[in-house]
Amino acid sequence: MTDQHPDLDALRAANPDHWRRATAIRALTLDAVAAANSGHSGMPMGMADVATVLFEKHLKFDASRPEWPDRDRFVLSVGHGSMLLYSLLHLTGYPEMTLDQIRNFRQLGSITAGHPEYGYAPGIEVTTGPLGQGIANSVGMAIAEEILRERYGRKIVDHYTWVMAGDGCLMEGVSQEAITLAGHLELSHLIVMWDDNGITIDGKVSLSDSTDQKQRFKAANWDVIEVDGHDPVAIDAALTDAKKGKKPTMVACKTHIALGSSAQDTSKGHGALTDEKVIADTKRAYGWDQAPFEIPADLKAEWEAIGARGSEARAEWEVRFADLGQGKRGEFERTLRGDPARKLSATIKAMKRQLAESQPKVATRKSSEMVLEVVNPIMQETVGGSADLTGSNNTLTEGMGIFSAENRAGRYIYYGIREHGMAAALNGLALHGGIRPYGGTFFCFTDYARPAMRLSALMGVPVTYVMTHDSIGLGEDGPTHQPVEHLAICRATPNTNVFRPCDTVETAEAWELALTSARTPSVLALTRQGVPTLRTTFSNKNLVAQGAYTLADTTEGKRLVILMATGSEVEIAMKARDILQADGIGTRVVSMPCWELFEAQDEQYRKKILPPGPVRVAVEAGARMGWDRWLFGERGKRDKGAFVGMEGFGASAPSDELFEHFGITAEAVVKAARAML
């Protein structure tokens, strides 16, 4: 449809039942946005026809069993159009999405937040709103479906991931990373419906973009289908064809934003239509004469029948699942719950015992690989990958196999130079269920992955980010690659566990915690340079779980100094302690591999580790930000705390020279301690 003023009467006359169902979405959207005096009306009004056909004829779901594992996933990448999703969930009979929740759109305490929030209500598969994230998450979901279909068979896993994306999603850079990866991997169960309405907040798309999106997707190895987004018969045919493809498919849906209103096809139509006359005129144009928030009983019954349409398929699936062998069924259920393998704890303990004896001196990136070598065989749900740094991140272990268009059994993904796309795909892998994803890059490039890492934390999905080359210790690559502020940035993010282990033992414990986390993502900041084993006495207990602990204490006399450190700088603290102890200055070394877990300990434990009295020196080859809490808070004093670390960016040189040059040495730590005594 290309004319600026579609004939609504003709549309209604051509498909009256469809028109009425789609109008229910539009009317609920107008009412909810008006009641909130806030929101985005235009996209749900424009895409209501596509959504109605999708839910009525194609989407595999059962509103009474929203968590059915073999349901199709529906991702509203255009999260500002959230009323489209809320309307669909209410109309199809999801129990939690009541009319009261629709009335309370965007209000405090409601499940109908301004943008869809994962965990607020069944049927919301992912948090969307930051544009481009949803389409990138969907790539991870589609990969998960392929892996699990290969593992359990088509009778148990065989579903599609459907995405609604807009011009904003496609302009965001992450979409390019996502679509090129999806096309390369030939994810045929991924279908993106593009809301091609030609409008952004500033005005026409042509103000800022002249990309031929259809050619762009074709170039990325996608099938592309064009359709009038207001013709239900054509939409049905297009979605039917999309499911037959051997590649991912983009369905370009030509639509009118804010269809039928005076704001149609304008940037005003993108936002909140709240004027009473505009709403009344629009509803009149639709032929809708119900009171606000009122859906006729017969129409609601039609929609609820659509919501129940998948119940038979779901029941048949449950029979097939019951016929699955007990071992496979148990494994499927365990991984879907996110429970770790039964052998994980014993495996980590055995490794720690061996490490206490062998005491290797290796980089913690190598330590991480050593852990994965024993973990990946017993946890078949782990799916690893790297953003073109596999040999540097040490993320691939023997026997994983490479996931590709030809090999769906592989558990390792070459993401290419796509840090943002990788991180977003990791979220999709985790959200799909049945997968424990991890992905690697250099710690400095959390800058590129950060928007998706933030959403991991916001959604509470336990993705593991393997971030190597964690400080100036990476050496010659220089300041562009040397993360200085990145520990502070990651630690500032709520609901994120940032682990910076000092040796292989702490790395093993950090991995155990990451792999058993239920609602918190983990960042493993790992060294390039070798570090000695400092935990030389075997402990059954996972000491990293406490966040911080006493690694070495005063041997005799009064404790006068506490040295606090993370990662490779714990070795420096231990050397400084030797010097101070030799001079009769009682010194404790506290390893602090995870601040967040230490903060979570009770007051009694924190006081035991950081008692009042001694002077405190913190040493970390990064920015000071955040350290003052441990130096001056927690019973510390302003004149009894010092920091040894970075004040600016790094430099290009061998790591040993850099630590000397920037004064991050045992001698500097000793000097700082003495100055306060």
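**View 1. An open sheet of five strands runs in the order β1-β2-β3-β7-β6, with parallel pairing.** This is a predicted model, in which local features need pLDDT of at least 70, side-chain atom pairs count only at pLDDT 80 or more, and totals for chains, interfaces and linings use all residues. Residues are numbered from 1 along each chain as its sequence is written, and side-chain values use heavy atoms, with hydrogens and water left out. Helices (H or I, at least four residues) and strands (E, at least two) are DSSP runs, numbered from the N terminus. Two strands pair if DSSP finds at least two bridges between them. β1 (73-76) and β6 (223-228) stand at the edges. Each has a single partner strand, so one side of each is left without a neighbour in the sheet. From one strand to the next, the twist averages 20°.

**View 2. Strands β3 and β7 run parallel.** β3 covers residues 190-196 and β7 covers residues 249-254. Six bridges join the two strands. V192 stands opposite M250 in β7. Strands of a sheet pair through backbone hydrogen bonds, either parallel or antiparallel.

**View 3. Helices α4 and α12 pack at an angle of about 95°.** α4 spans residues 82-92, α12 spans residues 297-308, and their axes are 7 Å apart. Axes are lines fitted to C-alpha atoms, for helices over the stretch in contact, and angles run from 0 to 180 degrees between N-to-C directions. The two helices, α4 and α12, are therefore roughly perpendicular to each other (65 to 115 degrees; under 35 is roughly parallel, over 145 roughly antiparallel, the rest oblique). From α4, the contact (heavy atoms within 4.5 Å) uses L88, H90, L91 and T92. From α12 come K300, W303, E304, I306 and G307. By class, the contact of α4 with α12 has four nonpolar, three polar and two charged residues. Here Ala, Val, Leu, Ile, Met, Phe, Trp, Tyr, Cys and Pro count as nonpolar, Asp, Glu, Lys and Arg as charged, and the others, Gly among them, as polar.

**View 4. R21 sits in helix α2 (residues 16-36).** R21 is buried, at 11% relative accessibility. Buried means under 20% relative accessible area, exposed over 50%, and partly exposed in between (1.4 Å probe, protein chains only). Leaving aside neighbours within four places in sequence, R21 contacts T52, E56, L299, E302, W303 and I306. G641 is 620 residues from R21 in sequence and 67 Å away in space, C-alpha to C-alpha.

View 5. A salt bridge is a side-chain nitrogen of Lys or Arg within 4 Å of a carboxyl oxygen of Asp or Glu. By this rule the count comes to 44 salt bridges. D281 is partly exposed at 29%, and K277 is exposed at 57%. R314 is buried, with a relative accessible area of 10%, while E318 is partly exposed at 34%.

**View 6. E509 forms a salt bridge with R535.** The closest N and O atoms are 2.7 Å apart. E509 lies in helix α21 (residues 504-516), and R535 lies in the loop between β15 (530-531) and β16 (549-552), so the pair ties together parts that are 26 residues apart in sequence. E509 is buried at 0% relative accessibility, and R535 is buried at 5%.
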